[in-house]
Amino acid sequence: MIPFLDLRAAYLELKPRIDAAVARVLDSGWYILGPEVEAFEAEWAAYCEAAHAVGVANGLDALTLALRALDIGPGDEVIVPSNTYIATWLAVSGVGATPVPVEPDPATHNIDPTRIEAAVTSRTRALLPVHLYGQPADLDPILDIARRHNLRVVEDAAQAHGARYKGKRIGAHGDIVCWSFYPGKNLGALGDAGAITTNDAALAERVALLRNYGSRQKYVNEEPGVNSRLDPLQAAVLRVKLDVLDAWTGRRRAVAAAYAGGLADAGLILPHVPDWAEPVWHLYVVRSPARDALQARLSEAGVGTLIHYPIPPHCQAAYAEMGLAPEALPLARRLAGEVLSLPIGPHLEKRATDMVIQCFYKDCDGE
């Protein structure tokens, strides 16, 4: 069996260090925020080439609190990708604003900057690009549109830990960048966790306020906040994993390179990487009109795959009130029917990678 992602192997490789980090927190007696969270925030900000980081409970909260920190709410519109995980849209809905979808670039699957300006209205307040699959969106034209229309830019970097755009790490190109440390991410905790990074001290302070009941001082609440604090136990685990993140990214890149070479003649549409992008290969996503048959074949051979994502947000019951027919966003709909994510991760061995490739050309037993 070749799992899509082996989370247990990640723990076992670092077991002595992770166990020691957890024990350190348990022995400290400090279980909410405190020194461990502050240390991770400083280390994560430095890694992301950003001035500030604020830890929160999960990636969705990072997006929601970022929008709240920018005072985006009812009556406002936020431009989002049509091709993304629904959390991107849910954050916009969660603050009472309206998500306005824009179709992807068919080559990269990221939001197409050439389509954004046509979606801007007098109610638009922010652009929310996603760095999908671990590959940066094309930020320069997005930032240019934002400047010309006086809009804010919130980046969803839940899949892009360590990725670079034109040589600079994702972390502070826009006004605020939102991160998830869900266990399956390139930098994953042992439960839910998230953060924001930014170069704007006022925004960082506002998110820190909102995550803690709107309070800086115990029992003094400045505004209606929420309870969305990064757990010190998760912060300690993330500090250990951050030390090996670049090395593990290198392993992912080796798998991606093997797939690119080995699947060149397999009749698939392989990932396209622009010259300015340095992806971290959170996912390796191929496309085929025969996707379902391919997935079934791989499954029969014991190869785990996933579909990111089988139902576009505009086709979900959660957004039925928007009244968008499935064909209203044809590119997102088409991708949903053709994409297939192959196994990739820092613990996928070469022989397993070779077996996955072999399955596209002949039976996995070699016959």
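This is a predicted model: local features need pLDDT of at least 70, side-chain atom pairs count only at pLDDT 80 or more; totals for chains, interfaces and linings use all residues.

User: What makes E1 and strand E9 a pair?

Analyst: Two strands pair if at least two bridges are found between them. Five bridges join E1 to strand E9 (residues 194–198), so the two strands count as paired. They run antiparallel.

User: Why is strand E1 described as largely enclosed by the rest of the structure?

Analyst: Strand E1 covers residues 52–56, and four of its five residues are buried; therefore the strand is largely enclosed.

User: How do you know that E6 and E7 pair?

Analyst: The requirement is at least two bridges.

User: Why are strand E7 and strand E12 called edge strands?

Analyst: The open sheet has three strands in the order E7-E6-E12, with antiparallel pairing. Strand E7 (168–169) and strand E12 (277–278) each pair on one side only, and are the edge strands.

User: Why does Thr 353 count as buried?

Analyst: Buried means under 20% relative accessible area. Thr 353 has a relative accessibility of 3%, so it counts as buried. Thr 353 lies in helix H12 (residues 350–359).

User: Which residues is Thr 353 in contact with, leaving aside its neighbours within four places in sequence?

Analyst: With those neighbours left aside, the contacts of Thr 353 are Val 255, Ala 258, Tyr 259 and Leu 348.

User: Why is Pro 3 called partly exposed?

Analyst: Partly exposed lies between the buried limit of 20% and the exposed limit of 50%. The relative accessible area of Pro 3 is 41%, so Pro 3 falls into this class. Pro 3 belongs to the segment before helix H1 (7–13).

User: What is the volume of the largest pocket, and which residues are closest to its centre?

Analyst: The largest pocket has a volume of about 740 Å³. It is lined by 34 residues, and the closest to its centre are Tyr 85, Gln 159, Tyr 182, Lys 185 and Tyr 309. Helix H4 (59–69), helix H5 (87–94) and strand E8 (176–180) are the elements that give two or more residues to the lining.

User: How do the residues of that lining divide into nonpolar, polar and charged?

Analyst: The lining of the largest pocket has 20 nonpolar, ten polar and four charged residues.

Methods. Residues are numbered from 1 along each chain as its sequence is written. Side-chain values use heavy atoms; hydrogens and water are left out. Buried means under 20% relative accessible area, exposed over 50%, partly exposed in between (1.4 Å probe, protein chains only). Contact means heavy atoms within 4.5 Å. On a 1 Å grid over the protein atoms alone, a cavity is a set of points where a 1.4 Å probe fits but cannot get out, and a pocket is an open set with protein on both sides within 12 Å along at least five of seven lines; lining residues have an atom within 4 Å of a point. Grid points are joined across faces, edges and corners, and a volume is the space filled by probe spheres set on the points. Ala, Val, Leu, Ile, Met, Phe, Trp, Tyr, Cys and Pro count as nonpolar, Asp, Glu, Lys and Arg as charged, and the others, Gly among them, as polar.
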